[in-house]
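Here's a quick tour of this protein, from the overall layout down to the residues packed inside. Have the structure open as you read.

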Amino acid sequence: MKTNLILLTLSTLCCMAVTAQQKSEQSYFVTGKDTTFCKTLKFGTNLQGYLNKLQYTDMNGKNIELKGKKEVPDVITFFVKGIIIDKTPLKADKPDGYIRYTERVVDGKLKVYLAQQGYNSSRTYTPGSPFGDFSTRGPVGIYRFYIKMPDGTYYQINDKGNMRDHIKPFLLSCTDFKNEYKGDFSTCEEAFMEMIKLFNSKCE
């Protein structure tokens, strides 16, 4: 399967995920309860992961450029070329620390985020390009494979303790999932994402 992950370098970790998302020509970003739709969209972050630049063309064709903390809004979600990018912790166990904007690869009651080494924080989308024009500027980050629980807690998936103590017990608390799932609760990317998709389809 062809990947639409916004990554520059593939990690050599086990079971590399291949994911495809539905393409869309319209982009938008979300700040609190407000959603702004765009024809083009570009954003950049500082070394701590916080937004420091936002450029977009609104649906009326007006070009808007915002820079610095006072001008750039607190964006919690970007939607670019069919890809959802959320504001997440840099480290799952430090939710109040540095942040990164990370692709949401599984949506639903449980959300899964993935960013391999070589992640780039500066992104551009221009309609007409096959998968968006993603720039090569910006700081790289650490490998992130996180799950977000319904209460907002993040767990690092490729941590056996988190799987044993938190993720697996929560999954098995849903009877419909427990009765249907026959896998081994793998923490490998593709297998894990398929397992969570099954859970989301069975358990609301």
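## Overall picture

Of the 204 residues in the protein, 48% are buried. Keep in mind that this is a predicted model. As for the surface, the protein exposes about 10,800 Å², with carbon and sulfur atoms supplying 50% of that area.

What about contacts along the chain? Taking the contacts with a separation of 6 or more, 52% are between residues 24 or more positions apart.

## Order of the elements

The count comes to 11 strands and 3 helices.

## The largest nonpolar core

The largest nonpolar core holds 25 residues, and the ones touching the most other members are V112, I147, L171, F177, F192, M195 and I196. Two or more residues each come from strand 7 (99-106), strand 8 (111-115), strand 10 (144-148), helix 1 (160-172) and helix 3 (189-202). Helix 3 gives the largest share, with 6 residues.

I196 is a handy one to click on. Once you set aside its neighbours within four places in sequence, I196 still contacts V106, L110, V112, I147 and L171.

## A second core

There's also a separate core, made up of 16 residues. Among them are C38, L41, L66 and I83.

Terms used
Residues numbered from 1 in each chain as written. Predicted model: local features only at pLDDT ≥ 70, side-chain atom pairs only at ≥ 80, totals over all residues. Heavy atoms only, no water. Helix = DSSP H or I, 4+ residues; strand = E, 2+ residues; numbered from the N terminus. Buried < 20%, exposed > 50% of the residue type's maximum accessible area, 1.4 Å probe, protein only. Contact = heavy atoms within 4.5 Å. Areas by Shrake-Rupley, 256 points an atom, 1.4 Å probe, with all protein chains shown as cover. Core = buried A, V, L, I, M, F, W, Y, C linked by side-chain atoms within 4.5 Å.
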